[in-house]
Amino acid sequence: MSAAPTPAAGHARLQLRLQSIAYATGDILVYEFARPDGAPLPAASAGAHVDVHLANGITRSYSLLHAGAAPTRYVIGVKRDPNSRGGSRYMHEQLRVGALVELSAPRNLFPLDEQAAHTVLIAGGIGITPILCMAERLEQIGASFELWYASRSRADLAFLPELARFGARLHLHVDDEANTVLDMAAIVAAAPAQAHFYCCGPAPMLAAYEAAASGRPPETVHLERFGAAQPIATGGDGYVVSLARSGIELRVPTGSTLLQVLTSNGIAVDSSCEAGICGCCEVGVLEGEVDHRDEVLTPAQRAGNKSMMACCSRAKGERLVLDL
């Protein structure tokens, strides 16, 4: 009999009850979770997400639709992915109201700068979930903002009743009706010089957004991806990882990720996207230089070499010492 995995890196988990499921569109369902006793949940800021630990062993990260200092519920929107690896498909087909589900406390890798003179929010498809949360927060504090929301067809537009409250600040774009995609360059060019920009959507939208905003100060341009922008680091020579707390040494061979090696050796590390975009598998680095491939750490954090994403990054040299 194999030994149970040793918990190593993770985040606090909450056992919550699924209170309701509702349709937002034909392929987007809205899930509401709360404590069984109704007690307040840990605070969530605009742009935050939670990790949902499913009974089939899969963990997936989803942005919260609402923020709050002491929320009584966490609400997420989940689009069924036709190429699902078991996350969205399981939630759409198997998860039922009343089920107890483990969720992480909220983490925010896409934080909102509430001090910006003006904010431009841009969303595509299911990317509206963190953007709607940001818009609600900006309205709450009386900040200046505009929201652009694009979809392929009108049937794909989600949360229209909630969005309607923003009035003239909301701009809807339907590709099929306009016979073109959202004009990202025009949106960026029309914004005030000190505006902050936030975009969440599919890869082509993010590519157009990055190109359009390339002349803006980098600290004012923010985005959140659905998938990785660069390949996972599995090439190059193998290397050794030393786990400082447990005294274990493991070799990560060419073609394998650090996460795969840790998991196969019974070291339990939380993981979700396995593409370097959710931050779930972050582990501390004590020694060694990292070849960072994630979309989570800032340039300063990468240069500091204090942590890495186990799913996608690896050593630049022959050895890493991890805080595990």
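What percentage of the 324 residues of the protein chain count as buried? In this predicted model, the share is 48%. The chain is built from eight helices and 20 strands. Its radius of gyration is 20 Å, close to the 20 Å that the globule rule gives for 324 residues, so the protein chain is as compact as a globular protein of that length.

**Dimensions and contacts**

- The C-alpha trace of the protein chain spans about 60 × 50 × 35 Å along its principal axes.
- Among contacts in the protein chain with a separation of 6 or more, 64% are between residues 24 or more positions apart.

**Surface and charge**

- The protein chain carries 26 positive and 33 negative side chains.
- The centres of these two sets of side chains lie 4 Å apart.

**Cysteines**

- A disulfide is a covalent bond between the sulfur atoms of two cysteines.
- The structure holds zero disulfides.
- For Cys 199, the closest cysteine sulfur belongs to Cys 200 and is 7.2 Å away, which is too far for a bond because a disulfide needs the sulfur atoms within 2.5 Å.
- Cys 199 counts as buried, at 0% relative accessibility.
- For Cys 312, the closest cysteine sulfur is that of Cys 311, at 4.0 Å, which is also too far for a bond.
- Cys 312 has a relative accessible area of 1%, so this residue is buried.

Key
Residues are numbered from 1 along each chain as its sequence is written. This is a predicted model: local features need pLDDT of at least 70, side-chain atom pairs count only at pLDDT 80 or more; totals for chains, interfaces and linings use all residues. Side-chain values use heavy atoms; hydrogens and water are left out. Helices (H or I, at least four residues) and strands (E, at least two) are DSSP runs, numbered from the N terminus. The radius of gyration is taken over C-alpha atoms; the globule rule is 2.2 Å times the number of residues to the power 0.38. Buried means under 20% relative accessible area, exposed over 50%, partly exposed in between (1.4 Å probe, protein chains only). Contact means heavy atoms within 4.5 Å. Lys and Arg count as positive and Asp and Glu as negative; His and the chain ends are not counted. The place of a charge is taken as NZ of Lys, CZ of Arg, CG of Asp or CD of Glu.
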